[in-house]
Amino acid sequence: MEEDRSVVPSLEGDENLIAAAQHIVKALETNKNLTNDARKLLLELGTQLSSISRAPENKEEELSEIEKRLNLIHDKVMNWEVDGEQLMIWDCGPDEANDYVKAVDEARRLAESLEGLSLNKDSEENALARKAHEVLQTAMARLEEELKHILVQNRQPFEPEHMSFRSSEEDTLDDGSIISFGDDSVDDGLQRDSVSRGAEEYTIDLIHRDVIPDLKCIVNLMFDSKYGRECSQAFISVRKDALDDCLFILEVEKSSIDDVLRMEWGTLNSKIRRWIRAIKIFVRVYLASEKWLVDQVFGELESVSALCFAESSKASMLQLLNFAEAIAVGPHQPEKLHRILDMYEVLADLIPDIDTLYSDETGLNIKSECQDVLKRLGDCAKATFLDFKSAVASNVSTSAFAGGGIHHLTRYVMNYLRTLTDYSNSLSSLLRDNDMDDPASSSPDSNQATEEDNSVNSPHYLSPISVHFRSLTSILEHNLIEKSKLYKDSSLGCLFLMNNIHYMAEKAKNSDLRTILGDDWIRKNNWKFQHHAMDYERATWSSILSLLRDEGLYNSGSNSISKTLLKERLQSFYLAFEDVYKSQTGWTIPDIQLRDDLRISTSLKVIQAYRTFVGRHTNHISDKHIKYTADDLENHLMDLFEGSPRSLQHSFHRK
């Protein structure tokens, strides 16, 4: 009868064992100083040798030996499955854990040996095989629980406030109130978050490092026992919960798209700012640390490691991305643009990190979703900006702006553009495809400023953001011109345009808008507001100063001055001056320098004309008819444009 080679070693197998043993002995003779790893291996070898009894002489004896060993393993495994409070093996010390691992590993080897036998359904071998698998199944369930327990009990606290790129504004979130065209505090409302963009990726200990060898031991044993799927799922379930907890610590709540769309802007603004901070920390610190942990635990099982990382982090990543998607599909409100661009830029910065973390095929879905959300955010930002341009164009007033000062729309638009300069690269990229498609960008005045320079500053060489910013300022200017027509007094309409165009030019000159709009744009707008100032002077003073001319003062048929006409002409001048004083002290020029310049310019013209007229006719005018001296008029002109109507109290009596 042929000998069963699956039970009794062959002669060739014996020779291989002897050769291996001789090799070990020779190595020990030449190397007296062993590493810890070598000592550990030899210790395990000794344990295995001590457990091997003499070779059985027949099949019955072999099966008896297997049954004996299997019973011992069964007892050891089942001792941990007693009723009542369940003790955790690894909590009882390394000796207990090592004994259990050895017993389970032996059960695995016995099960594999019995699987190799040609078993009949009712044979003794088949019964032993079933028992071995039952023991192994019980042990695997226990190891799964032990794995979870070690992962949970050894988690390290996560403290995001210690992160080096913590947002400096986290504890001072503004109320995010909606900023409308009528809001004077637009400068405060559109400040950009201090989002650090240079923070390096680094890892932290998510669990105590000293338990990683225990985790690796359990993982290797479960995979060797063909329970890899159960092992992976156990690891994924625990780490998934840990990642969810991380988002909770970072104050990222689960919200549906409908929830986000229903939120008031103040609440949503705060959530966006927390999201910006959270996703940066989550990807560059927590996910990087999670990736390191998974790689350490699963070792050479690279495909398993990638799968576990992708599956455990997928839900958390999708939670973050779903919030961004909800923002992207929301209404295109101008106050949201800065936050949307913040989200867009942060996610764009993180794409390389995400690609590195999810380099395996198992992470393709997450990488693809990140790219899709990034595109949606970009499309939303572009649409919001273009809608803002349309909103500026369609902003209609039904009444003139009191005092002729700087309109809320002008303040809003220029401060809005100023804050968008922080995003010039992103906006240029997003708006590149709209340069030729946007009708507003080809408005009559949008490119006129470039006529002075047909080279580097010509429209052909302007960046997309420059084209669109110039277009928007042109739209604003045309809107202001329409608003100026609402004034009954054309002088006030000129003053209104002067104030607003000057504000636009100064805002650009004294901010980063200068590099986008260009010096030629600033020069053109300087010329414009000066032109409006001259229009104001002509509209206000031309007719009044005409009263200080000699035309019509001479008596009919002679060269002598009519004192009566002279007195009436002077009286008419005083009355006209007083009317201007009464109305224009209530007008406003907010810029102090511009106000002084216009006062001085007006004063030079008026006072010079008045002095000349009075001096030329000093022999024909009685002092009692001189109501104001030149110094009086000059002082009164210095009261104009303060925004508080005043009246001259002097009375004038005809003689």
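Reader: Why is Leu-575 called partly exposed?

Author: In this predicted model, Leu-575 has a relative accessible area of 45%. Buried requires under 20% and exposed over 50%, so Leu-575, at 45%, is partly exposed. Leu-575 is found in helix 20, which spans residues 563-584.

Reader: What makes Phe-223 and Phe-298 an aromatic pair, and why is the pair called edge-to-face?

Author: The ring centres of Phe-223 and Phe-298 are 6.3 Å apart, and the cut-off for pairing is within 6.5 Å. The planes stand at 90° to each other; an angle over 60 degrees counts as edge-to-face, and therefore the pair of Phe-223 and Phe-298 is assigned to that class.

Reader: Why does the pair of Phe-223 and Phe-298 tie together parts that are apart in sequence?

Author: Phe-223 belongs to helix 7 (residues 212-224) and Phe-298 to helix 10 (residues 265-298), so the pair links parts that are 75 residues apart in sequence.

Reader: How do you know whether Phe-298 is buried or exposed?

Author: Phe-298 has 1% relative accessibility. Buried means under 20%, so Phe-298 is buried.

Reader: Which residues have the most contacts inside the largest nonpolar core?

Author: They are Phe-282, Leu-420, Phe-469 and Trp-541, in a core of 171 residues. Helix 10 supplies the largest share of this core, 17 residues.

Notes:
Residues numbered from 1 in each chain as written. Predicted model: local features only at pLDDT ≥ 70, side-chain atom pairs only at ≥ 80, totals over all residues. Heavy atoms only, no water. Helix = DSSP H or I, 4+ residues; strand = E, 2+ residues; numbered from the N terminus. Buried < 20%, exposed > 50% of the residue type's maximum accessible area, 1.4 Å probe, protein only. Phe/Tyr/Trp six-rings, centres within 6.5 Å; stacked < 30°, edge-to-face > 60°. Core = buried A, V, L, I, M, F, W, Y, C linked by side-chain atoms within 4.5 Å.
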